Amino acid sequence: MKIVDFNNGIKGKIPNDWKSETSDDVVSLYEPDNGVGALQLSFYNIDNAPSIELSKELESYLGDKHEKIIVKIIDGRAYSDIEDEDGIYWQYWLFLKDTTVIFVSYNCDKSDKGIEDPVVKEIISSIGL
């Protein structure tokens, strides 16, 4: 695993064979040779970040994109997963690091669902080291 600075000192670990690219303030993480999906991170500095209700914010955001949304709090992070009508499997997280709100999404073909889950969970849990 290697440590990557995702955004202004917010770091995390990704596997050595994964790549990190930043474009338009979005960090994309993926395994270029054998990967099946992509993880994307966005960071928002908000003065009142600690007062945000993460599950409601994630539900509101996803409500514009998907139907039948169930948001859970797992390890202090709002989380939801969805298979869309186009056959894409999505996972979403929303959580805080000090005054930064971090939005993370992962997507892959629904036939690849679960393949990268262990590494995705490891990356998510490492964000904010």
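A: The dialogue below goes from the whole chain to single residues. Please note that this is a predicted model.

Q: Which helices and strands make up the secondary structure, and in what pattern do they follow along the sequence?

A: One begins by counting the elements and then reads their order. The chain has 2 helices and 9 strands.

Q: What does the radius of gyration say about the chain?

A: The value is set beside what a compact globule would give. For 129 residues that expectation is near 14 Å, and the chain has 14 Å, so the two agree. The C-alpha atoms fill a box of roughly 40 × 35 × 25 Å along the principal axes.

Q: How much of the chain is buried, and what does its accessible surface come to?

A: Here one reads a share of residues and then an area. Buried residues are 43% of the 129 in the chain. The accessible surface is about 7,400 Å², and carbon and sulfur atoms contribute 43% of that area.

Q: What share of the contacts joins residues 24 or more positions apart?

A: This share is taken among contacts with a separation of 6 or more. Residues 24 or more positions apart account for 42% of them.

Q: Which residues of α2 are buried, and what covers them?

A: In α2, the buried residues are Asp 117, Val 119, Val 120, Ile 123, Ile 124 and Ser 126. Their cover includes the strands β2 (10–14), β4 (26–30), β5 (37–45), β7 (77–83), β8 (88–97) and β9 (100–109). After α2 comes Gly 128, which has a positive phi, near 95°.

Q: Is Pro 118 buried or exposed?

A: The reading rests on relative accessibility, with exposed meaning over 50%. Pro 118 counts as exposed because its value is 57%. This residue lies in helix α2.

Q: What surrounds the charged side chain of Asp 117?

A: Asp 117 belongs to helix α2, which spans residues 117–126. This residue is buried and has no salt bridge. The nearest side chain of opposite charge is that of Lys 121, 5.0 Å away, whereas a salt bridge requires atoms within 4 Å. The side chain of Asp 117 does have a polar contact of 3.3 Å with the side chain of Gln 91.

Q: How many salt bridges does the structure hold, and which residues form them?

A: In one, the side chains of Glu 53 and Lys 56 meet at 3.5 Å. Glu 53 is partly exposed at 47% relative accessibility, while Lys 56 is exposed at 56%. Another joins Lys 113 to Glu 83, with the closest N and O atoms 3.4 Å apart. Lys 113 lies in the loop between β9 and α2 and Glu 83 in strand β7, so this pair ties together parts that are 30 residues apart in sequence. Lys 113 is partly exposed, with a relative accessible area of 40%, and Glu 83 is partly exposed at 42%.

Methods. Residues numbered from 1 in each chain as written. Predicted model: local features only at pLDDT ≥ 70, side-chain atom pairs only at ≥ 80, totals over all residues. Heavy atoms only, no water. Helix = DSSP H or I, 4+ residues; strand = E, 2+ residues; numbered from the N terminus. Buried < 20%, exposed > 50% of the residue type's maximum accessible area, 1.4 Å probe, protein only. Lys, Arg positive; Asp, Glu negative; His and termini not counted. Polar contact = N/O pair within 3.5 Å; in protein donor to acceptor, adjacent residues only side chain to side chain. Rg over C-alpha atoms; globule rule 2.2 N^0.38 Å. Contact = heavy atoms within 4.5 Å. Areas by Shrake-Rupley, 256 points an atom, 1.4 Å probe, with all protein chains shown as cover.
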